[in-house]
Amino acid sequence: MTWTCEQTEARLSDYLDGLLDAAEWTAFNQHVNTCAVCTPLVASVAHTLGGLYALEQVEPPPNLEMAIVRATVGVVHTKYDFWAWLRGLQSPRFVYSAVSVAATIVLLLTATGFNWRKPKLADLAPATIYRNADARVHLVYARSTKFVSDLRVVYEIQSRMNEADQNPAMREETIPQSSPKKEPGRTDNTNPSSPKQQNRADEIGRSLRVLACEFPILSGALVDRRVP
Amino acid sequence: MRRHTRRIFNICYRFTGNRTEAEDLTQDVFLRVYRTLASYRAAHGGFATWMTSVTRNLLIDHYRRTKRDRVTDSLDDAMPVVENKESVARRPDEQALLGELSGQVQSALTRLSPELREAVILRDLQQLEYIEIQRVLAVPEGTVKSRINRGRIELARILQQMGVRPA
């Protein structure tokens, strides 16, 4: 394949980019190696290409991005910003967040004793909120303590009663004998109207006996009260 | 956005050789892209290619405008004026930024005709494929190859005139 100087100049980029086929590449090289005109041309263009590839990316000024944002979104749509903001408020995520925040505020205010029927600005003062919250906390604590204490007594009684039911021997030993003429659970000397009432009366009487046995002081007090 | 900003700024800077002009042109490119976003069609190429087309059009407009301002007859006479303006406007950090060969190549680039310059910048600096350059310049592939080839050879000649020779 014959190769000319015009071909060298026309196909120089293809040669440098590796786009020539094998035959063209061989012919190109043979010509360039023997041509006094083409040799410096190829060398200078290759050197130039190296210089172009060596050019590094230039960093844009740091404020350029903000200037672009101001020039586009910031200026062009200033008129619509308010509506865009309003549209943003309609998103489900914002609505859920707002509702949860409002519910939290209502719960907190209610817990601190805020009167929703007669709201007063003074109730929202930090000192008032603190005082009400403190009182509420103490009240809740006192009620909780009392409730736990009551529960403890009830459970104690129930456990004693269960023990007495399951062990008749102990019950006979521990339960004081009632007066023979008086039926348990009957205070008015009348006959029970039905077996169900009789059973209930027996149950109550048994409980009272257990109580009297377990709490002699209470029993004594009851006795003392009955004596007069 | 940062990636596009950097790329567009570099194209503008390599075309004009001036940071201030490149900054203004980059801003103009984004403004035009923002306003004409509705006209973008993905079928006609990627978004980056479309942005590059917008950039190229603005650069050509800018070149024609500044050419009229300079009131010169030929491109070869006009370019030294740009160089003088640039040397006055360029800051010391810009001078330091340009290395020896890089500075000479950049200077030679601004002396190329705009058609060859844009082809060389897109191919050798932005590493675009021929098909992408074809879309950006809206010319046939043969013309793209021819412009790139002539641009490289012309650039080498200018560098030789500037006293830059291969080692």
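Me: In chain A, what share of the contacts with a separation of 6 or more comes from residues 24 or more positions apart?

Reply: This is a predicted model: local features need pLDDT of at least 70, side-chain atom pairs count only at pLDDT 80 or more, and totals for chains, interfaces and linings use all residues. Residues are numbered from 1 along each chain as its sequence is written, while chains are lettered from A and ligands numbered from 1 in the order in which they are written. Two residues are in contact if their C-beta atoms, placed from the backbone, lie within 7 Å. For chain A, the share is 45%.

Me: How many helices does chain A have?

Reply: Helices (DSSP runs of H or I, at least four residues) and strands (E, at least two) are numbered from the N terminus. Chain A has zero strands. Its helix count is 11.

Me: What percentage of chain A is buried?

Reply: Buried means 20 or more other C-beta atoms within 10 Å of a residue's own; exposed means 12 or fewer, partly exposed in between, with C-beta atoms placed from the backbone. Chain A has 228 residues. The buried part is 8%.

Me: How many residues of helix α7 of chain B are buried?

Reply: α7(B) spans residues 114-125 and is mostly covered. The buried set includes B:R117, B:E118 and B:I121.

Me: Which helix gives the most to the side of chain B that touches chain A?

Reply: Here 29 residues of chain B are in contact with 26 of chain A. α1, α2, α6, α7 and α9 of chain B each supply at least two residues of that side. With nine residues, the top contributor is α9(B).

Me: How are α4(A) and α6(B) oriented to each other?

Reply: Their axes (lines fitted to C-alpha atoms, for helices over the stretch in contact) give angles from 0 to 180 degrees between N-to-C directions. These two axes come within 9 Å and cross at roughly 105 degrees. Under 35 degrees counts as roughly parallel, over 145 as roughly antiparallel, 65 to 115 as roughly perpendicular and the rest as oblique. α4(A) and α6(B) are therefore roughly perpendicular.

Me: How many residues are charged in the contact of α8(B) with α9(B)?

Reply: These helices pack at about 100 degrees, with axes 9 Å apart. The contact residues include B:Y130 and B:I133 of α8(B) and B:E141 and B:K145 of α9(B). Ala, Val, Leu, Ile, Met, Phe, Trp, Tyr, Cys and Pro count as nonpolar, Asp, Glu, Lys and Arg as charged, and the others, Gly among them, as polar. Besides four nonpolar and one polar, the charged residues number two.
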